[in-house]
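Work through the exercises below with the sequence and the model in view. Each task is followed by a worked solution.

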Amino acid sequence: MSDFHHLLVKAGPDAGMRIAVPTGGARLGRSSKNDIVLGDPLLSRHHCRLYFKPGDGLFVTDLASANGTMVNKRAIQDQQVVPGDLIQVGDTVIEVVSDSLQEPPGAPAAAEAAAPVVDLGLKKAAGQDAAAARKSIGRLPLMVAAALVTLIALAAWAPKLLKRAVTPPPPVPAVQKAPDDLTLDVEYEKVQATPENIFRYYLRIAPDRTISIQIDDIANQRQVRKEKRVDQSLLHELSGSLRNSGFMALSADYSGIKPDVLEQFDLCVTIGRRAQRVRVLNRVEPDDFRKARETIEEFGKMELGIHAIQFAPEKLRQMASDAYLLARKLYDERDVKHANIALSVRHFDEADLYLETIEPKPDYYAEIIQIRNDAKRELEERYNDQKFRAERAIRLRDWPEASDALQAICELIPDRADPRNEEARKQLLDVQRRMNTR
């Protein structure tokens, strides 16, 4: 077996693992649905994607992961990697060993062995041909008699055989198809160009339920590349909205003229067997086109979380700085209130979101990633400590102690939709009921 590999896990729960990236690329993450599954708890379910560009080598793309993807200690969105580079995802450090697209060499093909000749005793010995000929002549009358018997039998059965041949077989029930096929395929491009800037937004929803978005803002040096799988029920709802928008009945082209400006919308929608493509160039959009376009843009914004692109870069930098400073303050005061550590994580996430489309990243961006990871790890440790304290107190029937620990958990995990918060609240109600009974 060949030991050819592209990646070597240097640190983390899977240290020592060797990984060969297939020619079609591979997704990496914590979920078992990935091509490369790692046991690092700080990884997102679908964390990053590794793929090859013909002639350029190996690339890594972050898939909107919670903790980000770093190459040589620098947070990245999409970047080429070469042998010697270190990719960090969560607590896992992966060294790039090879960036070659070439498949692992296979074992040399073995020479085909000559098939052995097996004697089944069917060959005739020399001198037997004449005797065989005389024996076959003696059998000729028997062969003629057998042929006559066969003809008589065929004549008797011929009418029955013909009747069966002309009788049509019973009808096969037709396969019932769904009356409303909502299989969706969308390709949408928006280009807004002036002498100062070119802005391009491209969205694709493929039949395999993958949504991908590419955004290029030349003057502001912003690029966004995101991709994910979408739940089928959401796509069915989107298909229904597009069918009812009036888009499928529009004309193919709406063109106008604007001096020194290019504003083009190009939208192609395929629903089941129906397809419609409409282009709007330098003119006011028809209402039905606008409704369909805004529906698709909002869907992509909600699925891939790209709300920040609507703000100017200067505004995003200021918002990120404010969120970062507040997050640092809350983290430094994490011993003052149980809730501060969770709030700091939330504001670190907010700062990261604002800087998502900003290049180059500010100097404090690496601290956002690092301190947020530390805060999440410490939050989990504190939760486990308080949970152990509560369970021990419940076993000892020390209800005041159990109540204090469960209240601390509710403050540590303030999100009521979090299962940890929900479980603690249920236990707290039961503990308080027992305290009131006593």
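**Exercise 1.** Find what share of the contacts with a separation of 6 or more comes from residues 24 or more positions apart, and describe the protein chain as a whole.

Solution. The model is predicted. Residues 24 or more positions apart account for 51% of the protein chain's contacts with a separation of 6 or more. The chain has nine helices and 18 strands. Its length is 438 residues, and 37% of them count as buried.

**Exercise 2.** Give the strand order of the open sheet of seven strands and name its edge strands.

Solution. Step 1: the order is 15-14-13-12-17-18-16, with mixed pairing. Step 2: strand 15 (222–229) and strand 16 (253–255) pair on one side only, which makes them the edge strands. Step 3: on average, neighbouring strands of this sheet are turned by 5 degrees against each other, direction ignored.

**Exercise 3.** Describe how strand 12 pairs with strand 17, and state which helices pack there.

Solution. Step 1: strand 12 (residues 184–193) and strand 17 (residues 262–271) are antiparallel and share 10 bridges. Step 4: helix 3 (residues 232–243) lies across strand 12, strand 13 (198–205) and strand 17, at about 65 degrees to strand 12.

**Exercise 4.** Which parts does the salt bridge between Asp266 and Arg277 tie together, and is each residue buried or exposed?

Solution. Step 1: the side chains meet with an N to O distance of 2.7 Å. Step 2: Asp266 belongs to strand 17 and Arg277 to strand 18, so the pair ties together parts 11 residues apart in sequence. Step 3: buried means under 20% relative accessible area, and exposed means over 50%. Asp266 has 11% relative accessibility and is therefore buried. Arg277 has 52%, so this residue counts as exposed.

**Exercise 5.** Locate the salt bridge between Glu294 and Arg290, and list the network that contains these residues.

Solution. Step 1: the closest N and O atoms of Glu294 and Arg290 are 3.4 Å apart. Step 2: both residues lie in helix 4, four residues apart, or about one turn of the helix. Step 3: Glu294 is partly exposed at 38%, and Arg290 is partly exposed at 29%. Step 4: Lys301 and Glu298 also lie in helix 4, three residues apart. Step 5: salt bridges with shared partners join Lys190, Glu285, Asp287, Arg290, Arg293, Glu294 and Glu297 into one network.

Methods. Residues are numbered from 1 along each chain as its sequence is written. This is a predicted model: local features need pLDDT of at least 70, side-chain atom pairs count only at pLDDT 80 or more; totals for chains, interfaces and linings use all residues. Side-chain values use heavy atoms; hydrogens and water are left out. Two strands pair if DSSP finds at least two bridges between them. Helices (H or I, at least four residues) and strands (E, at least two) are DSSP runs, numbered from the N terminus. Axes are lines fitted to C-alpha atoms, for helices over the stretch in contact, and angles run from 0 to 180 degrees between N-to-C directions. Contact means heavy atoms within 4.5 Å. Buried means under 20% relative accessible area, exposed over 50%, partly exposed in between (1.4 Å probe, protein chains only). A salt bridge is a side-chain nitrogen of Lys or Arg within 4 Å of a carboxyl oxygen of Asp or Glu.
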